[in-house]
Amino acid sequence: MMNNPFSRGKAMMMYQTSQLTDRRYDAIRRRMRSLATAGLIFGALTGLSACVQVSAPDKPIVINLNINIKQEVVYRLDGDAKDLINKEADIF
Amino acid sequence: MFEHVKKNKALALIGGVILTAAVAVPVMAQRDPAYEAARASGKIGEKPDGYLGYVTSPSPAIKAVVEDINIKRKAAYTRKAQETNSTVEQFAFTSGCNLIMRTVPGEKYQTPSGTWNTRDSSAPVRDSRCP
């Protein structure tokens, strides 16, 4: 209870106590540690949310329609395309 | 009795010949003169996507011709895409590759960057995926 660094009054008391005793550095260390823990949690949370955001913008791939046309498909359809152009010469 | 069969056979033969001729006629169909003239004058040209495009702002007559042909082309691409198990865009694009290749000197075609080029004796500028 006495060591709770989040309680201001207690922290002050602790600080004052530590001023008089050897526990001074101990108290500072505890505070630093709790700060570091909070920082770590915050970092982990931001890191996690950043990961989620990275996977989200996958969709707009559709922007370039031509990406859907692969060269192998064009090669496969080439004969049929030539055939159509020859057969329906009035519209080509 | 056999004469009857013979007569039917002859009738079937005549019918077959007429049918073949009817099917063969569209194969020999050629371009509409207005379409041919618009192509030759460079007012319209072939686009990489397999359709006709306007090089200059079109007259109502030319617009009508191009729209009519593009609708017919889309119908043909759609049919062939189903036959070949591909998408309309894929089949249209492949046709576009061929149609640009078949332009004759003096006719216009659109390059992948969007500019209109006049076809000369050299090879046309086409998409890198064209065969």
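Arg31(B) sits in the loop between helix H1 (2–28) and H2 of chain B. Beyond its neighbours within four places in sequence, Arg31(B) is in contact with Asp90(A) and Glu36(B); contact means that the C-beta atoms of two residues, placed from the backbone, lie within 7 Å.

The model is predicted, and local features need pLDDT of at least 70, side-chain atom pairs count only at pLDDT 80 or more, while totals for chains, interfaces and linings use all residues. Residues are numbered from 1 along each chain as its sequence is written, and chains are lettered from A and ligands numbered from 1 in the order in which they are written.

Chain A has three helices and zero strands. Helices (H or I, at least four residues) and strands (E, at least two) are DSSP runs, numbered from the N terminus. Of the 92 residues of chain A, 8% count as buried. The average pLDDT of chain A is 72, and 47% of the residues score at least 70; pLDDT is the predictor's confidence in each residue, from 0 to 100. Within chain A, confidence is lowest in helix H1 (residues 8–20), with a mean of 64, and highest in H3(A), at 95. Where pLDDT is low, the predicted coordinates should not be read in detail.

Chain B contains four helices and four strands, and its elements follow the order α-α-β-β-α-α-β-β from the N terminus on. Of its 131 residues, 24% count as buried.

How do the chains meet? In the model, 20 residues of chain A are in contact with 24 residues of chain B. On the side of chain A that touches chain B, twelve residues are nonpolar, two polar and six charged. In this scheme Ala, Val, Leu, Ile, Met, Phe, Trp, Tyr, Cys and Pro count as nonpolar, Asp, Glu, Lys and Arg as charged, and the others, Gly among them, as polar.

The largest nonpolar core has 15 residues, and those with the most contacts inside it are Val74(A), Phe91(B) and Phe93(B). Such a core is a set of buried Ala, Val, Leu, Ile, Met, Phe, Trp, Tyr and Cys residues joined through C-beta atoms within 7 Å. Helix H3 (71–87) of chain A, helix H3 (60–83) of chain B and helix H4 (88–101) of chain B each supply at least two residues of this core. The most comes from H4(B), with six residues. Apart from this core lies another, of five residues, including Ala38(B), Ile44(B), Ile62(B) and Val65(B).

Helix H2 (residues 33–40) of chain B and H3(B) have axes that come within 10 Å and cross at roughly 105 degrees. H2(B) is therefore roughly perpendicular to H3(B). Where the two helices touch, Ala34(B), Tyr35(B) and Ala38(B) in H2(B) meet Ala61(B), Ile62(B), Val65(B) and Ile69(B) in H3(B). This contact has seven nonpolar, no polar and no charged residues. Axes are lines fitted to C-alpha atoms, for helices over the stretch in contact, and angles run from 0 to 180 degrees between N-to-C directions. Angles under 35 degrees count as roughly parallel, over 145 as roughly antiparallel, 65 to 115 as roughly perpendicular and the rest as oblique.

Methods:
Buried ≥ 20, exposed ≤ 12 C-beta atoms within 10 Å, placed from the backbone.
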